[in-house]
Amino acid sequence: MAPTTLLAGIRSAIAALTLGVLLLTGTGCSSDNPAETTKITPATNGINTVVGPIKLADMLILSYGADQPGRIMGTVFNTSATDAVVTISGASGSTVSIPVKANGETSLAQPPAMMLDPTTGSPGTLVTVRVSEDSTGTSAEVQLPVLDSTLPEYQSYMPASPGSGTASSAPSPTQPGTGSPSPSPSPSP
């Protein structure tokens with residue numbers, strides 16, 4: 001009787017192993033299906049690039065339109081042991097100079113605002129700028145995306161809205177369906 005009991009135990013073990021393999025393969029767990037956490041996707045709207053010892057991270061331009069001023073945003077890293085000045089030149093001839101300490105970084109979210117005037121690109125396009133740094137004389141053409149205040153995280157960084165003369169922290173309210181600003185109430189006499 002012992003061999004029959006042993007055979008029944010082996011059959012039970014094989015059935016349990018088969019069921020376990022079927023459950024694992026049925027749930028999509030396999031070596032050719034990597035977990036989503038193994039894929040690195042940068043959470044950024046700007047570009048990342050390197051120009052000589054300078055690293056540009058999350059670089060973009062905020063502007064209301066091609067003929068409007070544009071604020072350059074992102075972070076500039078200097079990987080050299082020498083202080084550097086990074087110059088960004090727009091197609092219109094406007095330039096911005098950004099000092100960056102040796103082995104340091106400069107966040108363009110901090111004042112003063114670095115502006116190209118005009119941007120020369122509408123929101124949703126790419127604008128070609130020349131990025132150069134003075135410590136090694138390296139320069140390169142880089143395409144920066146142009147964004148507007150559609151994304152709420154950029155509203156407080158937008159340059160002065162057309163005709164206002166001051167920086168905008170939010171887009172102007174519009175009348176439903178018209179796309180034009182809502183009339184403001186007139187003061188009563």
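This text walks through a predicted model of one protein chain, from its overall layout to single residues.

The chain has 189 residues, and 27% of them count as buried. Its secondary structure consists of 1 helix and 9 strands. Read from the N terminus, the order of elements is α-β-β-β-β-β-β-β-β-β. The chain exposes about 11,600 Å² of surface, and carbon and sulfur atoms supply 60% of that area. Contacts between residues at least 6 apart in sequence can also be sorted by how far along the chain they reach: 52% of them join residues at least 24 apart.

We begin with the helix. Helix 1 covers residues 2-26, and Leu6 lies in it. Leu6 is exposed, with a relative accessible area of 56%. Together with Ile10 and Ile14, Leu6 forms a nonpolar patch on the surface, and the accessible area of the three residues together is about 290 Å².

The largest nonpolar core contains 22 residues. Among the residues with the most contacts inside this core are Met59, Ile72 and Val129. Several elements give two or more residues to the core, including strand 3 (70-78), strand 4 (84-89) and strand 5 (95-100). The largest share, 4 residues, comes from strand 2. A second, separate core has 6 residues, and Leu62, Leu147, Tyr154 and Met158 are among them.

Leaving aside neighbours within four places in sequence, Ile72 is in contact with Met59, Leu60, Ile61, Ile88, Val96, Leu108, Met114 and Leu116.

Thr106 is in strand 6, which spans residues 105-107. Thr106 has a relative accessibility of 19%, so it counts as buried, the limit being under 20%. The side chain of Thr106 reaches the backbone oxygen of Pro99 at 2.8 Å. Beyond four places in sequence, Thr106 touches Gly74, Thr75, Val76, Ile98, Pro99 and Val100.

Ser94 sits in the loop between strand 4 and strand 5. Is Ser94 buried or exposed? Ser94 is buried, with a relative accessible area of 15%. Not counting residues up to four places away in sequence, Ser94 touches Ile88, Ser89, Leu116, Asp117 and Pro118. A polar atom of the Ser94 side chain lies 3.3 Å from the backbone nitrogen of Asp117. The C-alpha atoms of Ser94 and Met115 are separated by 8.5 Å, although these residues are 21 residues apart along the chain.

Pro118 belongs to the loop between strand 7 and strand 8. Another cis peptide bond joins Pro111 and Pro112, again with omega of about 0°. Pro112 is in the loop between strand 6 and strand 7.

Asp58, in strand 2, has a positive phi of about 55° although it is not a glycine. Asp58 counts as partly exposed, at 28% relative accessibility. Asn103, in the loop between strand 5 and strand 6, has a phi near 50°, which is also positive in a residue other than glycine. Asn103 is exposed, with a relative accessible area of 55%.

How many salt bridges does a search of the whole structure find? It finds 1. Glu141 forms a salt bridge with Arg130, and their closest N and O atoms are 3.7 Å apart. The pair links distant parts of the chain: Glu141 is in strand 9 (residues 139-147) and Arg130 is in strand 8 (residues 126-133), 11 residues apart. Glu141 is exposed, with a relative accessible area of 56%, whereas Arg130 is partly exposed at 34%.

The last stop is Thr150, in the segment after strand 9. At 62% relative accessibility, Thr150 counts as exposed. The side chain of Thr150 makes a polar contact with the side chain of Asp148, at 2.5 Å. Thr150 and Pro123 are 27 residues apart in sequence, and their C-alpha atoms are 9.6 Å apart in space.

Methods. Residues are numbered from 1 along each chain as its sequence is written. This is a predicted model: local features need pLDDT of at least 70, side-chain atom pairs count only at pLDDT 80 or more; totals for chains, interfaces and linings use all residues. Side-chain values use heavy atoms; hydrogens and water are left out. Patches are made of residues with over 30% relative accessible area and no salt bridge: like charges are joined within 9 Å, nonpolar side chains (Val, Leu, Ile, Met, Phe, Trp, Tyr) within 5 Å. Accessible areas come from the Shrake-Rupley method with a 1.4 Å probe; for residues, only the protein chains shown count as cover. A salt bridge is a side-chain nitrogen of Lys or Arg within 4 Å of a carboxyl oxygen of Asp or Glu. Buried means under 20% relative accessible area, exposed over 50%, partly exposed in between (1.4 Å probe, protein chains only). A polar contact is a pair of N or O atoms within 3.5 Å; within protein, one must be able to donate a hydrogen and the other to accept it, and residues adjacent in sequence count only if both atoms are side-chain atoms. Contact means heavy atoms within 4.5 Å. A nonpolar core is a set of buried Ala, Val, Leu, Ile, Met, Phe, Trp, Tyr and Cys residues joined through side-chain atoms within 4.5 Å.
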